[in-house]
Amino acid sequence: MAKGMTKEEKYRQMIETPVNRLIPRLAVPTIISMLVTSIYNMADTFFVSQISTSASGAVGVMFSAMSMIQAIGFTLGMGSGNHISRSLGNRDEERAGVFAATAFYTAAIIGTAILVFGTLFSRQLVFFLGATQTIAPYAQDYARYILIGAPFMMTSFVMNNILRSQGNAVFAMVGITVGGILNMILDPLLIFGLNMGISGAAIATMVSQMISFAILLYQCNARPDCIKIQLSKFRPSGKVYGQILHAGLPSFCRQGLASAAAVILNFAAGPYGDAAIAAMSIVTRFMMFINSSLIGFGQGFQPVAGYNFGAKRYDRVRGATYFTILVGTVLMSVLAAAGFLAAPGALALFRRDDAEVIAIGALALRAQCVVLPLFGVSTVTNMLLQVTGQSGQATFLSLCRQGIFFVPFILLLPQLIGLLGVQLAQPAADLCTFAVTLPFLLSFLRRLKLWEQAERAVAEK
């Protein structure tokens, strides 16, 4: 996106540029951000896995806490971002500024509270998240520094979404990418070079999040085409929070349930030993990496859909949806084939000397790859409904994958078929989610067509 672009030029770009050119332009930097984030999450797992299987399990245990921090950040960021993009589509910059400031300062307050209470009760926290007696000491060492980074992590997620909602994905990418690359450099230096062990991995993550925070804050407040985050526009009212939460609830359900699902998965895998917890943790990171490309592309689609929905350009919303689902399905099919073939080797990268981890993880990864091509429809539909204000439907669909379907499967299948049930619970939930999502997509596309015809009829009078 051109530096120094005026807000009027940005508006024209978002509602006039052909969607098959505009979405990739916005999506590429977001995909890069998502991939870098996933890579440095995997880097933590990779380097820590060289310490021991229990240390690898500790990263998986704390991942669920990090997912909850991310869930709150995304709830505030997506909830405000959806209103920002629609407000800018309606040319209401004042309203957009209120949502940006309120989301940012609220995230800072909540992140600080998590730091304080998480630090005070760290031992209880790691056992609550599913740590075993052998994993707990590593998990506590890792949590000590991860919690210090909580306020910076949460506000960074908010700013990332605020920038993307305005079509400024490149600016968001810079902050996330710099922090991610720094994390990958610091990991081996602190873990092995300075013999800091798992604490070194946590410090690397904490420092990278602080750097990302500083860069994103500069991007938000120093660019002429960005809505500035101003304390004077912090409006912590029930009405503003209600609007943010209404729009952001699908994100909270999606990300919050991911955190809860990770905890339940740790407990379900626990009876089969640290190797099972470590294997499923590694698989979770791999699937996050694969899915990040689709989520990144979808996040390039969301501001386009939001702007044009606000501007009542329903034809462009439909066109953008068809295009994004097509690209997403093709992309996921290619990555599914690669992941299926490479599964044993991928697990061996982390625990080459632990055949049990490789065997458990390879089967779980292959099972999830089988249903991966369905994600194009499931993910894009959820994003479409959320950004166009269909919060109730989007929230229900967000509950499906790792709530309505995953929780019963992960609780029941291991009782019936043992460890295989742990490995098959997620793909079974993904298949059911697709079956439920498809009718919602078709129904909303029909409504968009009717709204488009109604707008055309008004214009012709």
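User: Where is Asn195 found?

Analyst: Helices here are DSSP runs of H or I with at least four residues, numbered from the N terminus. Asn195 is found in the loop between helix 8 (169-193) and helix 9 (197-222). This is a predicted model, where local features need pLDDT of at least 70, side-chain atom pairs count only at pLDDT 80 or more, and totals for chains, interfaces and linings use all residues. Residues are numbered from 1 along each chain as its sequence is written, and side-chain values use heavy atoms, leaving out hydrogens and water.

User: What is the phi of Asn195?

Analyst: Most residues other than glycine have a negative phi. Asn195 has a positive one, near 55 degrees.

User: Is Asn195 buried or exposed?

Analyst: Buried means under 20% relative accessible area, exposed over 50%, and partly exposed in between, using a 1.4 Å probe and protein chains only. Asn195 comes out at 66%, so Asn195 is exposed. Phe121, in the loop between helix 4 (93-120) and helix 5 (122-128), is partly exposed because its relative accessibility is 43%.

User: Which residues of helix 6 are buried?

Analyst: They're Ala136, Ala139, Tyr142, Ala143, Ile146 and Leu147.

User: How many Å should helix 15 span?

Analyst: Expected span is 1.5 Å times one less than the number of residues. Helix 15 (residues 391-417) has 27 residues, so it should span 39 Å; its end C-alpha atoms are 37 Å apart, which agrees.

User: Where does helix 15 bend?

Analyst: A bend is the angle between axes fitted to the seven residues ending at a residue and the seven starting there. Helix 15 bends by about 65 degrees at Cys400. Just after helix 15, Gly418 has a positive phi of about 70 degrees.

Definitions and conventions
Helix = DSSP H or I, 4+ residues; strand = E, 2+ residues; numbered from the N terminus.
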